[in-house]
Structure formats: C-alpha cells, structure tokens
Amino acid sequence: MPSWEFPASRITASRMCSGRRSARVPDGDGWGFCGSVVVTGCVKELKPSSTRRIFYQRIRGCFPGAGGCMTGVVAGGMRRTSAGSGRKKGLYRRSGLANMCASMSDKQKNAISPRREEDFPEWYQQVIRAADLAENSEVRGCMVIKPWGYAIWERMQGVLDRMFKETGHRNAYFPLFIPLSYLEKEAAHVEGFAKECAVVTHHRLEMKDGKLVPAGELTEPLVVRPTSETIIGAAYARWVKSWRDLPILLNQWANVVRWEMRPRLFLRTAEFLWQEGHTAHETREEAEVETMKMLRVYETFAREFLALPVLTGEKSESERFPGALQTYCIEAMVQDRKAIQAGTSHFLGQNFSKASGIQFQGRDGAVEHAWTTSWGVSTRLIGTLIMAHSDDDGLVLPPRIAPAHVVIIPITPKEDSKAAVLEAAEALAKSLRASTFEGEPVSVEVDARDIGGGVKSWEWIKKGVPVRIEIGPRDLTQGTAAVSRRDRPHKEKDFLPMADIPSRMAGILDDIQAQLLARATAFRETHLKPIDSKEGFYAFFTPANSAKPEIHGGFALAHWNGTPEVEEQIKNDLKVTIRCIPFEESPEPGVCPFTGAPSRQRVVWAKSY
RNA sequence: CGGGGUGUAGCUUAGCUUGGUAGAGCGCCUGGUUUGGGACCAGGAGGUCGCAGGUUCGAAUCCUGUCGCCCCGACCA
C-alpha cells in the first residue's frame with residue numbers, strides 16, 4: 001500500500017457548477033501523487049482571460065482501503081475540443097493536468113465530508129445521508145423520511161402532544177382538500193399562499209392510447225391544504241353558536257403542501273409534516289393570551305428538549321403570517337450563524353372568523369365574531385436540530401429527543417468468549433432499561449450484528465446516539481465497559497464499572513443534554529452583536545470571499561425606524577432580514593443607523609433559512 | 001420563468017473529440033481470515049448507457065428532438 005501525501009491545507013471545498021461536491025486546489029504542476037486518480041471532465045473555467053486556458057478539473061480517485069472514493073478538482077491547462085448546438089458530451093478534454101491526490105493521511109478523521117466550515121449546505125445533506133434520516137423522493141421537493149428520521153419526529157410529537165394536552169388542547173383531524181372558494185375568503189391569506197398551492201382538478205383516470213389521463217373534472221378545484229385556517233374556520237363556524245361554545249382548543253397533526261421552488265430536506269419541502277393548533281375565543285385578550293402561551297410552549301420545548309436556545313419575539317409586518325394581526329416566533333441560530341424560524345404562533349384577530357363566519361351570541365346577547373389563533377411547528381425542527389448540534393462526524397442528538405439513548409456494541413473478537421460478551425451486553429441492556437431518564441425507561445439498542453466493531457461504532461456516531469457502550473472480553477474479566485459520549489471526541493472513552501452504569505446513566509444523559517444547550521447558547525452569544533452603524537452592519541454581513549462565502553455574520557441587534565422600506569433595502573443589499581422584534585421589558589430607544597430616524601428598540605437582523 | 005450545467009450499475013464515475021463485444025472503485029451477496037475505532041483475501045450478482053427519432057453494416061459515442069435533475073437568479077410564514 002503506497003502512502004498518500006498531499007498538502008491538505010491547499011484543498012478547499014468548492015461547490016462546482018455541476019453541483020457536485022469537490023475539492024479545489026490551486027493550479028500548478030508537480031504535486032506528486034501515487035495511485036490511481038481518475039480524471040473526468042472539466043467543470044469550471046478558472047481564468048478565462050489567461051493566455052493559457054486554465055480550468056478546474058473534477059477528478060475522482062479510488063483508493064484501495066480508503067473505504068470510499070475521494071473527489072477533488074484540479075486545475076490544469078485545458079482545451080476546448082468541440083462545440084456546437086444541442087447537447088454536448090465531452091465538451092472538454094484533458095490535455096494538461098496538474099498532479100494531485102487527496103491526502104490519505106487525512107482520510108477518515110471525520111465521518112462527514114465536507115466539513116462544516118468547508119461547505120455548510122453540503123455538510124448538512126451529508127449528515128442526513130450518513131445518519132440515514134431521509135432522502136429525496138422522485139417527486140421534486142418531497143422527501144422520504146426514513147425510520148431513524150421519523151423516530152426523531154415521533155419523539156417530538158410525543159413531547160409536544162403531551163404539552164398541548166397539558167395546556168387544554170385536544171386533537172382532531174380536518175380534510176386534506178380545501179375548496180378553492182375557502183381560500184379566497186381572506187385577502188391577505190390568498191396573497192400569501194396562492195403562488196404555492198397544489199390544486200386537484202380531476203377525480204378519475206382514464207386509459208387513452210395506453211396512457212392514463214386525468215378525467216372527470218371537478219366543478220370546483222380543490223386545494224391541497226397549505227395550512228388549514230380556512231377549512232377549520234368553516235367547521236368552527238358550524239360549531240359555535242354561543243359564548244358557551246368557546247373556547248375551542250384544537251390541534252391537528254397533519255401533512256401540508258406548499259409548492260416550493262427550492263426545496264431542501266427538512267428545511268423546505270413541498271410536503272411536510274407538522275402540527276397546527278387552531279383556537280377560537282370569546283375575547284381578544286383570551287386569544288392573545290393563548291397566542292403567547294403557545295409561543296412559550298414552543299420556547300420551552302426547544303430549550304428543554306432540543307437543547308436549542310431560541311429568541312422569541314414578534315415578526316415585522318413583512319414577515320407576518322398572511323392574514324394574521326401578529327405573528328410571534330421562536331428563532332434559532334444554527335452553526336453557519338444563520339437564523340431559522342423554528343416555530344410560530346399567530347394572533348389572527350377576527351380576520352378569519354369574519355372570513356369564515358365564526359359568530360356567537362355573547363353574554364350580553366349581541367352577536368360577535370370569535371377571536372382566533374393558530375400555531376405550528378414542523379419537520380423543519382429536525383433540520384434545525386441537525387444544523388444546530390451536529391458535527392463533522394454526523395448527527396448529534398440531545399438525549400431528551402434521541403430515539404435511543406444508549407447503544408451497546410459487543411466486541412466479539414474471539415469465538416470462545418463471544419457468547420459471554422453477548423450475554424453481558426444483554427444483561428447490561430436489561431438493567432439500563434430498568435433505570436429511568438426524565439421519568440422514562442432508558443432506551444437501549446444492542447447492536448449484535450456480526451460486522452467489524454469500528455464500522456459499527458461509526459454508524460452510531462453518525463446517527464447521533466448520545467451514549468455508546470462497548471463491551472469486550474477484557475471488560476468481562478475486569479467488570480467494566482467503555483462508555484463514550486457523543487458530545488465528546490469520538491476516541492474518548494471511560495471505562496466504568498459495569499454495575500455502576502445503570503445508576504449513572506441518567507446523570508450522564510443529563511450532562512450531555514446540558515452540554516449541548518450550553519454549547520449552543522455560547523455559540524449564539526458569541527455571534528450576537530449590537531451594531532450601531534450602517535458601515536458596521538454591512539461589514540458584519542459581508543463575507544470576505546464573495547465567490548464562495550465563508551461562514552460569517554450572525555445575529556445583529558440594531559435599531560430600526562420601523563418601516564418596511566428599510567427592511568426591503570437591507571434585504572436587497574445583504575439578504576438580511578429582521579428575524580424578530582424581541583420582547584423587551586424596557587426597550588432601549590436609539591437611532592436607526594440606516595435612516596437616522598428615531599427607533600423604539602433594537603431588533604434582530606440575520607440571514608435566514 | 002431567465003441564465004448555466006448535467007444524465008452510463010445502489011453511489012462516484014471511465015469510455016464520447018476519432019462509431020466496432022460497456023470498464024473501474026465503493027457498496028451489495030457467498031466463503032474464509034478478522035474484529036477494543038472506518039479490515040483483508042478469493043469468488044459472485046448487478047447496466048435496454050434518461051427517452052424518442054435519424055445517420056450507419058454497426059451508435060453510450062455523430063445528428064435532431066424531448067424529458068429529468070443540479071447550480072445561479074427570480075420567488076418563498
């Protein structure tokens with residue numbers, strides 16, 4: 001086996017025009033390498049104006065024993081060999097080529113390639129793939145949520161559902177299809193959702209020339225729900241007659257469809273899973289209290305279970321839910337310092353009750369419109385979780401939301417001790433399951449598959465299981481087991497007395513949970529900055545390398561004159577928006593750095609998902 | 001919708017300029033050796049080269065059309 005030497009520092013990740021993951025090296029010759037590197041096509045022109053045409057060239061080397069292929073891009077002199085109309089295969093051909101090879105001494109240090117700082121969006125996709133959470137479906141924008149990903153969602157559902165019940169809500173289910181006319185009822189709502197609706201126009205298929213074609217056109221098209229305010233509003237209108245019928249406090253777990261232009265797994269998909277709470281109240285105050293109460297539920301859930309410190313506040317007018325009077329949000333910062341709206345709670349006023357005719361006779365006998373709210377979180381929380389905590393070895397799950405707390409990996413190098421090791425592993429699993437964490441039995445997986453121990457460990461690292469326990473023959477004689485934590489470097493392991501492990505597990509899990517929250521909080525604090533000048537603001541949000549922006553920026557706390565025009569300008573200039581107007585006990589007045597106009601308080605600005 | 005790319009096995013892809021039996025690595029299967037951190041050896045399965053026409057004795061390769069996907073923009077609680 002040859003050894004692989006390469007100046008790894010000179011490779012940086014680059015998103016090529018083909019969209020494939022690559023590595024980039026400076027052009028030049030003479031980088032020695034040994035082994036087979038397969039050169040494929042040219043993908044990007046480097047210096048079109050140079051006398052010698054230089055291109056980045058995508059290369060791919062397959063290295064025996066590397067456990068995978070390496071991709072890279074190398075610059076070399078290229079020539080264009082053919083052109084013409086139509087599809088061009090083999091447009092570019094290799095003529096000169098700088099030698100290159102990826103550093104194999106650097107291989108497998110991390111499970112995920114590229115690393116976060118190299119290419120955050122690509123890293124995100126690779127984490128999902130490595131942890132086996134989900135994959136893209138054949139229908140653009142839709143995803144298949146695989147068992148491990150769905151298990152996380154089920155955990156979220158379980159906790160949230162309990163919290164909703166504790167706050168007096170019950171579950172119900174409303175139809176997927178909404179009559180087109182319902183959506184027309186609320187003007188702002190139409191405006192907000194019309195552009196991304198899937199519409200059902202037929203109810204039958206007929207065979208024509210061997211092809212199935214839609215037939216049986218509907219008299220009124222049906223919209224696949226992008227959200228359910230209108231159809232639930234229609235039901236509430238039927239149900240509410242008297243003030244005694246109020247409040248109605250319902251939630252539904254459902255899928256919704258919004259035809260997104262640019263889907264990303266979990267973050268923005270055409271179809272996604274969520275819960276939507278819809279309540280109707282007798283008074284404005286009651287509805288406002290409800291809106292805020294559910295925001296607090298989300299905030300608590302994010303902090304206590306997902307280990308996500310979230311900012312809470314109100315959305316500016318331009319970010320408000322279409323049809324709402326006020327939209328409140330929880331806003332998280334993820335590791336590329338961007339903001340992500342992780343949940344929203346809307347005070348809808350009487351807009352929807354007027355649109356749907358939710359009327360009741362009040363205590364004074366007068367007919368009034370109900371006051372409604374809606375609030376929701378979605379599978380986007382999974383994406384948020386991934387981007388907030390995961391590292392270059394894959395997913396990192398907070399124990400309180402992890403589908404499994406512990407995985408036990410029996411190490412069975414010798415046939416004669418194998419049975420004893422497996423038995424010990426099962427015994428430990430049993431006693432662990434008898435112990436509790438947060439009032440629930442500790443959930444344990446025993447991975448007894450007959451494959452290499454290293455492979456097995458890495459699989460669970462990538463899946464983000466909080467605690468791994470290895471048990472081998474040596475442990476049997478010593479009465480110990482090797483305990484590793486996902487929040488610590490993967491090589492680190494504590495040999496704990498096996499008998500102590502069940503009683504200590506809850507403490508370990510608690511500590512991991514706390515560490516993740518502390519880490520995420522410290523990260524956010526580091527990248528949350530008060531900014532008072534326009535120059536400082538623009539500098540904060542301008543990457544040093546505009547061609548391939550590095551991770552930069554964060555949350556800027558800046559004053560604002562309160563007008564949408566300023567927001568619009570900033571958005572156009574920097575792609576930065578107001579994420580929320582934080583709730584302030586005592587707002588600090590100041591001066592809008594963009595206009596010089598007076599400002600009531602600082603607001604949170606950031607780039608966002 | 002505009003601009004730019006791309007399509008060969010589950011994944012990453014070679015082959016195309018110059019037409020002649022479709023190759024590789026990873027992954028997968030089988031057997032053996034292994035196993036305390038991403039194993040090795042041997043054997044094996046897997047491809048109507050996106051689709052449809054055309055040129056040709058012969059097309060992954062040339063031509064025409066078409067579809068999908070990716071990136072940038074527009075758009076987006």
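Which residue forms a salt bridge with D132, and how far apart are the closest N and O atoms? The partner is K146, with the closest N and O atoms 2.7 Å apart. D132 sits in the loop between α1 (120-130) and β7 (134-136), and K146 in the loop between β8 (143-145) and α2, so the pair ties together parts that are 14 residues apart in sequence. D132 is partly exposed, at 31% relative accessible area. K146 is partly exposed as well, at 23%. This is a predicted model.

**Salt bridges**

The structure holds 29 salt bridges. Side chains of opposite charge can pair when their charged atoms come close.

| Pair | N to O distance |
|---|---|
| D132 and K146 | 2.7 Å |
| R115 and E118 | 3.6 Å |
| R400 and E304 | 3.9 Å |

R115 has a relative accessible area of 25%, so R115 is partly exposed. E118, at 24%, also counts as partly exposed.

The side chains of R400 and E304 meet in a salt bridge. R400 lies in the loop between α8 and β21 (406-410), while E304 belongs to helix α6 (residues 284-304); the pair therefore ties together parts that are 96 residues apart in sequence. R400 is buried because its relative accessible area, 16%, falls under the 20% cut-off. E304 is partly exposed, at 30%. Both residues belong to a network of salt bridges that also links R303 and E438.

**The sheet and its helices**

An open sheet is formed by 11 strands. Their order is β9-β13-β14-β20-β17-β16-β15-β30-β33-β29-β28, and the pairing is mixed. β9 (170-171) and β28 (528-530) are the edge strands, each pairing on one side only.

Strands β14 (residues 271-281) and β20 (residues 371-378) are antiparallel partners, joined over 8 bridges. Within this pairing, Q275 stands opposite V377 in β20.

Helix α8 (residues 380-389) packs on the sheet. Helix α8 touches β16 (326-333), β17 (339-349) and β20, and its direction makes about 145 degrees with that of β17. Helix α2 (residues 147-166) lies across β9, β13 (248-257), β14 and β20. The angle between α2 and β13 is about 165 degrees.

**A nonpolar surface patch**

Which residues form a nonpolar patch on the surface? They are L205, M207 and L212, with about 340 Å² of accessible area together. M207 lies in strand β11 (residues 199-208). M207 counts as exposed because its relative accessibility, 58%, is over the 50% cut-off.

Terms used: Residues numbered from 1 in each chain as written. Chains lettered and ligands numbered in written order. Predicted model: local features only at pLDDT ≥ 70, side-chain atom pairs only at ≥ 80, totals over all residues. Heavy atoms only, no water. Patch = residues over 30% accessible without salt bridge, like charges linked within 9 Å, V, L, I, M, F, W, Y side chains within 5 Å. Areas by Shrake-Rupley, 256 points an atom, 1.4 Å probe, with all protein chains shown as cover. Salt bridge = Lys/Arg side-chain N within 4 Å of Asp/Glu carboxyl O. Helix = DSSP H or I, 4+ residues; strand = E, 2+ residues; numbered from the N terminus. Buried < 20%, exposed > 50% of the residue type's maximum accessible area, 1.4 Å probe, protein only. Pairing = 2+ DSSP bridges. Contact = heavy atoms within 4.5 Å. Axes fitted to C-alpha atoms, helices over the stretch in contact; angles between N-to-C directions.
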